[in-house]
Amino acid sequence: MAQILVCLRGWNVPLAQAEVAALLPNTDFTELAPRFMLTNDTIGAETLAETLNCAAGIQCFLRDVKYFNTNEDTSDKFYEKITTMLSSAAVRGSVAVRTLRISGRIDGVSTRTMAAEIGAIAVDQGNSVDLAQPDYEIGLIADGESQIIACGWLVGDFDDSVGTAPRRATERPFFKPVSLDPRLARLSVNLACGPLDDYAVLDPMTGTGGFAMEALTMGRNTVAVDMDEVMVAGAKQNIDWALQNHDHHVQYQITQGDASNLQQSVDEIWHGKISGVVLDPPYGRNSHGTLEHFQLITATIQSAKSIVATHAKLVLIMPIKPAEHEIVLLHGNWQDFTTLMKTSGVEIIQYWSEHVHASLARLVILAEFTNEVRH
Ligand SMILES: C[S@@+](CC[C@H](N)C(=O)[O-])C[C@H]1O[C@@H](n2cnc3c(N)ncnc32)[C@H](O)[C@@H]1O
């Protein structure tokens with residue numbers, strides 16, 4: 001059976017796994033290795049391309065993948081499987097074998113030698129080799145952590161940098177230290193909204209527009225709100241800049257308004273059409289004490305609840321102390337916070353932490369809006 005492998009980027013593997021589940025909710029995956037997710041399901045070419053265009057945590061896909069564990073097997077059978085993969089391919093043309101090593105080395109394995117071997121098999125099967133402009137690319141990935149080598153038709157590329165790199169906070173026309181890492185912003189939008197749709201993502205406290213830029217450049221309609229008119233003007237500037245080289249037909253609204261009164265701040269056309277909410281509330285210098293900080297979050301959640309679509313999710317980013325065994329919020333108590341979440345009508349599904357620097361990490365909380373409010 002033809003299998004598809006998703007190879008994840010290494011910057012936050014658990015978050016990348018969650019992103020795959022969010023973007024491909026109807027596909028069953030098994031974990032071959034932390035950075036290799038495998039499925040027997042069919043995923044159409046268009047969906048693969050769209051998923052890659054959205055994702056921050058996916059490196060590439062390998063279609064009709066063959067793999068082996070170097071601790072358990074020799075490469076002979078692997079080459080036999082690749083011969084089958086190439087002979088059963090419906091197309092012939094020029095190919096290039098691209099190689100990638102992830103999570104360290106595999107002793108005694110040269111991906112370059114293996115690539116040459118696979119290139120020779122491809123030629124035997126009636127193809128030619130063209131490294132510059134091939135009709136098809138074959139991907140060969142060696143994962144040092146699991147000692148697994150995988151090979152298949154490459155969808156995507158082996159580029160090291162996520163497509164968000166040109167939108168790093170310091171590159172933008174309007175910059176404030178509150179800006180999120182665009183990779184994390186992009187991934188959060190995907191966790192909250194799932195696959196692309198005609199609805200909109202809502203960012204009720206948009207600041208410099210970090211979530212909005214990522215949502216719009218992947219083709220999602222976006223509603224962004226901020227109380228501070230300087231932020232609204234700056235976010236607009238950033239969004240126009242980020243959209244310069246994108247031809248997505250996206251709609252967006254960016255408004256000065258109060259996150260705790262979204263009924264009023266958000267255009268009516270989007271009421272009921274919000275597929276997900278991303279929330280990065282103020283903290284530190286911006287916040288006015290712990291209680292108010294939590295109250296602002298709950299008021300925002302309750303307000304968002306009245307305009308979101310059924311099944312909309314929320315991603316909330318909270319600053320925490322890094323590398324603690326338990327969660328230590330920088331502002332407020334975690335137990336108090338989880339109780340408050342329940343009483344404001346959201347159910348926490350899962351959370352992950354993302355390192356920022358020695359004294360700061362971010363907790364990424366995924367929650368769903370529930371109908372009942374629990375006390
Ligand atoms: C941490 S910053 C958001 C940073 C943003 N994620 C970015 O990438 O730039 C929080 C933002 O919330 C805004 N804010 C605070 N209270 C608000 C309220 N009641 N309604 C709307 N925005 C609010 C602040 O003006 C600030 O821009």
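These legends describe close-up views of a predicted model. Residues are numbered from 1 along each chain as its sequence is written. Local features need pLDDT of at least 70, side-chain atom pairs count only at pLDDT 80 or more, totals for chains, interfaces and linings use all residues, and side-chain values use heavy atoms, with hydrogens and water left out.

**View 1. An open sheet of eight strands**. The strand order is β2-β3-β1-β4-β8-β7-β5-β6, with mixed pairing. Strands (E, at least two residues) and helices (H or I, at least four) are DSSP runs, numbered from the N terminus. Two strands pair if DSSP finds at least two bridges between them. β2 (30–33) and β6 (128–129) are the edge strands; each has a single partner, so one side of each lacks a neighbour in the sheet. β4 (58–69) and β8 (148–156) pair in the antiparallel sense over eight bridges. Tyr67 has Ala150 in β8 as its bridge partner.

**View 2. Helices α1 and α4 across strands**. Helix α1 lies across β1 (4–8), β2, β3 (36–39) and β4, at about 140° to β1. Helix α4 (111–124) lies across β4, β5 (94–102), β6, β7 (136–143) and β8, at about 155° to β5. Contact means heavy atoms within 4.5 Å. Axes are lines fitted to C-alpha atoms, for helices over the stretch in contact; angles run from 0 to 180 degrees between N-to-C directions.

**View 3. An open sheet of seven strands**. The order is β11-β10-β9-β12-β13-β15-β14, and the pairing is mixed. β11 (252–256) and β14 (346–357) stand at the edges with a single partner strand each, so one side of each has no neighbour in the sheet. From one strand to the next, the twist averages 15°. β9 (200–203) and β10 (221–226) pair in the parallel sense over four bridges. Leu202 has Val223 in β10 as its bridge partner. Helix α6 (210–217) packs on this sheet, and its direction makes about 170° with that of β10.

**View 4. The contact between domain 1 and domain 2**. Domain 1 spans 4–156 and domain 2 spans 166–369; the bounds come from an automatic or database domain assignment. Their centres, taken over C-alpha atoms, are 34 Å apart. Each domain gives 16 residues to the contact. The buried area is about 1400 Å², 67% of it from carbon and sulfur atoms. This is accessible area (1.4 Å probe) that the two parts lose on being put together, summed over both. In domain 1, Trp11, Leu15 and Cys54 lose the most area to domain 2, together 41% of what that side buries.
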